[in-house]
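Biologist: Please take me through this structure one feature at a time, and give me the general idea before each case.

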Amino acid sequence: MPEVSISIVSHLQIQLVRVLLDDLEQSCGGDSIEVVLTINVPEPHELELEDYGFPIKLVHNITPKGFGENHNAAFQVATGDYFCVLNP
């Protein structure tokens, strides 16, 4: 079980998300974190989620949600001891 679950929500910001995931990989990869990435509005992405050294759970919203609702939904699937919200 990861120590920290990190919730990231993308609103057509996948390029910023990629940079953030790369930074997380360099800073704290391994079993200590997991990422719950929510795609709030449809956007193309070519992220290779399995290339990162930590698990990434991908959530696609059918309709856009607000800040709190997105992170509350991520909290429901998070398994870490701690929960962190990061903006891209």
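Modeller: Let us begin with burial: a residue is called buried under 20% relative accessible area, exposed over 50%, and partly exposed in between, with a 1.4 Å probe and protein chains only. Helices (H or I, at least four residues) and strands (E, at least two) are runs taken from DSSP, numbered from the N terminus. In strand β1, 6 of the 7 residues are buried, which leaves this strand mostly covered. Please keep in mind that the model is predicted, with local features needing pLDDT of at least 70 and side-chain atom pairs pLDDT 80 or more, while totals for chains, interfaces and linings use all residues. Residues are numbered from 1 along each chain as its sequence is written, and side-chain values use heavy atoms, leaving out hydrogens and water.

Biologist: In what order do the strands of the open sheet lie?

Modeller: Two strands are said to pair if DSSP finds at least two bridges between them. Here 4 strands form an open sheet in the order β3-β2-β1-β4, and the pairing is parallel. The edges are taken by β3 (56-60) and β4 (82-86), each of which pairs on one side only. From one strand to the next, the twist averages 20°.

Biologist: How many bridges join β1 to β2, and how many are there between β1 and β4?

Modeller: Between β1 and β2, which run parallel, there are 7 bridges, and S7 stands opposite V36 of β2. On the pairing of β1 with β4, also in the parallel sense, there are 5 bridges, with L86 in β4 as the bridge partner of I8. Strand β2 (residues 33-39) is joined to β3 over 5 bridges in the parallel sense, where T38 has V59 of β3 as its bridge partner.

Biologist: Which strands does helix α1 touch?

Modeller: For such questions, contact means heavy atoms within 4.5 Å, while axes are lines fitted to C-alpha atoms, for helices over the stretch in contact, and angles run from 0 to 180 degrees between N-to-C directions. Helix α1 (residues 14-28) packs on the sheet and touches β1 (4-10), β2, β3 and β4, with its direction at about 165° to that of β1. Helix α2 (residues 67-77) also packs on the sheet, touching β1, β2, β3 and β4, and its direction makes about 145° with that of β4.

Biologist: Which residues touch the most other members of the largest nonpolar core?

Modeller: A nonpolar core is a set of buried Ala, Val, Leu, Ile, Met, Phe, Trp, Tyr and Cys residues joined through side-chain atoms within 4.5 Å. The largest one has 16 residues, of which I8, L21, L24 and V35 touch the most other members. At least two residues come from each of β1, α1 and β2, and α1 gives the largest share, 5 residues. Leaving out residues up to four places away in sequence, V35 touches I6, I8, L21, L24, F54, P55, I56 and K57.

Biologist: How many aromatic pairs are there?

Modeller: A pair of aromatic rings is described by the distance of the centres and the angle of the planes. Rings of Phe, Tyr and Trp (its six-membered ring) pair if their centres lie within 6.5 Å, and planes under 30 degrees apart count as stacked, over 60 as edge-to-face and the rest as tilted. The count by this rule is 2 aromatic pairs. One of them is Y52 with F54, a tilted pair at 5.7 Å centre to centre and 35° between the planes; Y52 and F54 are buried.

Biologist: Why is the pair of F75 and F83 called edge-to-face?

Modeller: The pair F75 and F83 is edge-to-face because the planes stand at 90°, with the ring centres 5.1 Å apart. F75 is partly exposed at a relative accessible area of 47%, and F83 is partly exposed at 29%.

Biologist: What does the side chain of S5 reach at 2.8 Å?

Modeller: A polar contact is a pair of N or O atoms within 3.5 Å; within protein, one must be able to donate a hydrogen and the other to accept it, and residues adjacent in sequence count only if both atoms are side-chain atoms. From strand β1, where S5 is found, its side chain reaches the backbone nitrogen of G80 at 2.8 Å and the backbone nitrogen of T79 at 3.4 Å. S5 counts as buried because its relative accessibility is 0%.

Biologist: Is L12 buried or exposed?

Modeller: L12, in the loop between β1 and α1, is exposed, with a relative accessible area of 59%. Its phi is near 60°, a positive value in a residue other than glycine.
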